[in-house]
Amino acid sequence: MDAHNPAADTANRVDFLQIADMVEPGSRVLDVGCSDGALLKILIDQRGVDGRGVELSQRNVNHCVAHGLSVVQGDADTDLMIYPDGAFDYVILSQTIQATQHPKQVLEQMLRIGKHAIVSIPNFGHWRIRVHIGVLGRMPVTENLPHAWYDTPNIHFCTIKDFVALCDAVDAKVEEKIAVNAQGRKVNLGNNLTFANLFAEQAVFLLRR
Amino acid sequence: MTKSMEKPRAKKRSKLTESRDLGCSYARFGPDQPLKLDCGQDLSPLQVAYQTYGTLNEDKSNAVMVCHALTGDQFVANTHPITGKDGWWGLMVGPGRPVDTDRFFVICANVLGGCLGTTGPSSIDPDTGKPYGLTLPVITVSDMVRSQVMLLDHLEIPKLLCVTGGSMGGMQVLEWVAKYPDRVASAIPIATAAKHSAQNIAFHEVGRQAILADPEWHGGDYTVAGTSPSKGLAVARMAAHITYLSETALHLKFGRNLQDRDSLTFGFDADFQIESYLRYQGSTFVDRFDANAYLYLTRAMDYFDLAADYGGTLAAAFRGIQTRVCVISFTSDWLFPTSENREIVRALNAVAANVSFVEIETDKGHDSFLLDVPELFATVTGFLNSAAVQHGLKG
C-alpha cells in the first residue's frame, strides 16, 4: 500500500510514536500498509507486540520478511475480509486510508477484525493545503504530500472533520484522537475540531466498534 | 548440460538396488512400531535413511528438518554417494548459508517410498524375501511425514525450530504444520500447493505411463527379472523436467540452437540442444532413481489434498496453530504458481496465523528453489533468524 505513499519515508514519520503510545504492550497487531516495516519494528521492539503486516508492494514485503517481520503481500481493499472477527487487538492503518479504493469498507473491516483500529491520516484541511487550493487555485503539493494530482496514489483525501464524520457513519467510537503539528508535536483534540482541522498536519485516531 | 547421451546404462542400475552403505544414518522400526498408513495398512519393518549436518544443542532447540522434493534425497549438502555431485541444496544449507549448519542441526530423511535407503518399493518384503515392487501399499504425503515424526521421536527431539522444503517437500511442510503444529516452531513451504492440480496430475500420469509402457518394467518386478525400465523412467524425467523450467529460461538457454552440428539432419537424432539436454537429464536420472519409487512418489503427490482431511476447508487445517509460517513462491513457476501458494497464505490468514508471504521475481521456473536466487536466501535467512530468536536460540 505504501509503495508510493507520500509518507513512505518512514524515518521521520511523526505519527509512529503516537501510534506506538496507543498500543498496549504484548498485544496482537496487524499493520495494514506496513511499507518497509518501520512501524512494526518499533511496535515489536518497544511494545513487545505480536506484530503482522499486510503490504501491497511485493518489494517492500520481501524486504520486511528478510528483516524477520511477518508480512504478507495484500491489498487493504480486498484482502482484509479473509481475516476472522476479532483476530487482533489493534489493526493499524497509518497514512494509507487516502490511498484505498473504498475507505469506508476498509475501516469497517478493520473494526471487524480488530478489537481496536488505529488510523492516522494526513489532514487535507491544513491551512497550507487550503492556501494551495483557495488562493493559488492549484492542487496542493507539499512536503507531506509530494505528488502531482495526476500521478498521486492518494485518491481519497479527507480532513480531520471528514474522518470524524466517517467514524460516525460506521458507528466507530473514537477512544482517543491526537493531532500532530508540522513539528511532530502532539496536540490533544478537543470537542471543537475547527482549530486542529486548520493547524494539524496529521491526526491519529484510536477507534473501536 | 548439452552433452550427448549415447552411453550404455545397464551396468549402473545395480547401484540402486544393491544393499550397500550410502554413508548416512538409519533409523529402524521393528514389528512393535509399525507405520500406520493412510490406506489402512501397517508397514513394518520400517527403515528411515537420513543425513544430519551440524550439532544438536543441549536444549535441542536448533533442529531444522529439510523435506526433499520428488527426486531429491537426504544428501542435502554433501557429496551424493551415487552421482558424486554436490548436495542438491548446498546453496541453502551449510556453514554460513541461510540454513547455517554452524548454528542449526539439520536433518533430512529420504522420503518414505523413495529409493535411497528408506523403505520403498525396492526394499525387500520380509514375507517374500523379494523386493516389494507394486505390493508395497500406496503411500501418501501424510505417511511420509508420519515416518519423519517417528524419526524425530527416535532422535528424541521434542520440537523442530523449523521445517522447510520445496515442491513435494513443501507439501510435507504443510502436512507437518497442519498435523503436528506443536512440534514445529516455524515452517517455510516453498513453491508448493495444498493440493495437486489437475494439470500436475496430468503430467505425472504421462510419466507413469511411460514407465508402465516400458517392456522392461515387468509389472514392477524388474529387479527379479534382472532388467530395468530405464527408457520409460528417462522419458518420465524428460517430461517432468520441462515442467520445472520456464519458457523464458528454455528460450534464453537453448533457443533453437543446434547440438554439435551446423544444419538440420532431416532425421530424429537430437538436432536441437534442448533435445540433447533433455535426453541427458533423462539418462542420468535413471542412474540414481528407481522407476517404482517414481510411481509411488508421484502418486503420493497426486493424492495430496490437505483440505480434504479437514472437511474441504483448508483454513480448518491450520486452526489454532502457533507455528510461524513463511510461504515463498516464484513468478515464473507454472507448476506450483503463486496463486496456489497464495491459497495457503489465505487459509493461514483466515485463522489469523502468523504468516509471511514472499513472491520472488525470477525467470528460472519451478526449479528456482534449488538455484542461486539471492532473494530466496535473504528471505530464508531473515525469517529463520527471527524464528530462532523467538524460539529462544541465541544469535
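This is a predicted model: local features need pLDDT of at least 70, side-chain atom pairs count only at pLDDT 80 or more; totals for chains, interfaces and linings use all residues.
**Entry 1**

I began with the strand order in chain A. The open sheet has eight strands, which I read in the order β3-β2-β1-β4-β5-β8-β6-β7, with mixed pairing. I then asked which strands stand at the edges. They are β3 (70-73) and β7 of chain A; each has a single partner strand, so one side of each lacks a neighbour in the sheet.

**Entry 2**

I looked next at β1 (residues 28-32) and β2 (residues 50-55) of chain A, which run parallel and are joined by five bridges. Within this pair, A:Val32 has A:Val54 of β2(A) as its bridge partner. I then looked for helices that pack on the sheet. Helix α3 (residues 58-66) of chain A does so, touching β2 and β3 of chain A, and its direction makes about 160° with that of β3(A). Helix α5 (residues 103-113) of chain A also packs on the sheet, where it touches β4 (88-94), β5 (114-122) and β8 of chain A. The direction of α5(A) makes about 145° with that of β5(A).

**Entry 3: the partners of β6 in chain A**

I followed strand β6 (residues 173-180) of chain A to its neighbours. With β8 (residues 202-208) of chain A it runs antiparallel, and seven bridges join the two. I recorded A:Glu176, whose bridge partner in β8(A) is A:Leu206. With β7 (residues 186-188) of chain A, β6(A) again runs antiparallel, here over three bridges. In this pairing A:Ala179 stands opposite A:Val187 of β7(A). The hairpin of β6(A) and β7(A) has five residues between its strands, and I noted that A:Gly184 takes a positive phi near 85° there.

**Entry 4: strand β8 of chain B**

I asked how many residues of β8 (residues 105-109) of chain B are buried. The count is five of the five, so the strand is largely enclosed by the rest of the structure. I checked the faces separately: B:Phe105, B:Ile107 and B:Ala109 are buried on one side, and B:Val106 and B:Cys108 on the other. Strand β4 (residues 46-53) of chain B runs antiparallel to β8(B) and is joined to it by four bridges; B:Thr52 has B:Ile107 as its bridge partner. Strand β5 (residues 63-66) of chain B pairs with β8(B) in the parallel sense over four bridges, and B:Val64 stands opposite B:Val106.

**Entry 5: helices of chain B**

I tested the length of helix α6 (residues 230-244) of chain B. At 1.5 Å a residue its 15 residues should span 21 Å, and the end C-alpha atoms are 21 Å apart, which agrees. Twelve of the 15 residues are buried, and α6(B) is thus mostly covered. Among the buried residues are B:Leu233, B:Val235, B:Met238 and B:Tyr244. The buried residues pack against α4 (198-212), α8 (273-288) and α9 (291-303) of chain B.

I then examined α4(B) and α9(B). Their axes come within 10 Å and cross at roughly 160°; the two helices are therefore roughly antiparallel to each other. The crossing is left-handed. Contacts include B:Ile201, B:His204 and B:Ile211 from α4(B), and B:Tyr294, B:Leu295 and B:Met301 from α9(B).

Methods
Residues are numbered from 1 along each chain as its sequence is written. Chains are lettered from A and ligands numbered from 1 in the order in which they are written. Two strands pair if DSSP finds at least two bridges between them. The expected span of a helix is 1.5 Å times one less than its number of residues. A residue is buried if 20 or more other C-beta atoms lie within 10 Å of its own, exposed if 12 or fewer, and partly exposed in between; C-beta atoms are placed from the backbone. Two residues are in contact if their C-beta atoms, placed from the backbone, lie within 7 Å. Axes are lines fitted to C-alpha atoms, for helices over the stretch in contact, and angles run from 0 to 180 degrees between N-to-C directions. Angles under 35 degrees count as roughly parallel, over 145 as roughly antiparallel, 65 to 115 as roughly perpendicular and the rest as oblique. A crossing is left-handed if the near helix is turned anticlockwise from the far one by less than a right angle, and right-handed if clockwise.
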